[in-house]
Amino acid sequence: MDEPAPNVEVTVTTHDAESAEITVLGELTEHARRPLVRAMTDLMLAGATLKQVRVDLCEVTFMNSAGMATLVQLDRMAQPRGIDTPLVVHTAAVARPLQLSGLWRRFTIIDRREGHPEDVHEATPRSPEHS
């Protein structure tokens, strides 16, 4: 039986037929992979017209390489259906690993960190063979 990890909470909000939001609270590690993939799968199965799933990471307190790999997995799940997966960041605990790993350029980033102007960093266009 699956038990949720005690240090991560994943919630889904459907805004309309074309957009939804997945919010992560706590630590974005390997323990978050299963609930995040399940949330994305459920959204994709429920909405054939889904165009965007925003991943809100504002309440993430820690993120490691397994968490970053999970974000890439979500993007790879969504890409064949033409679903955008922008990331909303609010802390250096999320922004810094994304920047250092190069994932900052892979994703569209909605930057809400203090001291930074609220900004959207568009993903660098990539060719299909580099996805």
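## Exercises on a predicted model

In H1, the residues Ala32, Leu36, Val37, Ala39, Met40, Leu43 and Met44 are buried, where buried means under 20% relative accessible area, exposed over 50% and partly exposed in between, with a 1.4 Å probe and protein chains only. Helices (H or I, at least four residues) and strands (E, at least two) are DSSP runs, numbered from the N terminus. This is a predicted model, in which local features need pLDDT of at least 70 and side-chain atom pairs count only at pLDDT 80 or more, while totals for chains, interfaces and linings use all residues. Residues are numbered from 1 along each chain as its sequence is written, and side-chain values use heavy atoms, with hydrogens and water left out.

**Exercise 1.** Explain why the buried residues of H1 lie on the same side of the helix.

*Solution.* Begin with the buried residues of H1, among them Ala32, Leu36 and Val37. They cover an arc of only 165° around the axis, and therefore they sit on the same side of H1; the arc is that of the directions from the helix axis to the C-beta atoms. In general, an α-helix has 3.6 residues a turn, so residues three or four places apart point the same way. Next, turn to the other side of H1, where His31, Leu45 and Ala46 are exposed. Finally, identify the partners: the buried residues of H1 pack against strand S1 (8–14), S2, S3 and H2.

**Exercise 2.** Determine which residues of the largest nonpolar core touch the most other members, and which element gives the most to this core.

*Solution.* A nonpolar core is a set of buried Ala, Val, Leu, Ile, Met, Phe, Trp, Tyr and Cys residues joined through side-chain atoms within 4.5 Å. The largest one has 33 residues, of which Leu28, Leu57, Met63, Leu71, Leu87 and Leu98 touch the most other members. H1 gives the most to this core, with 7 residues. As a worked case, take leucine 87: leaving aside its neighbours within four places in sequence, leucine 87 is in contact (heavy atoms within 4.5 Å) with residues including Val55, Leu57, Leu71 and Leu98.
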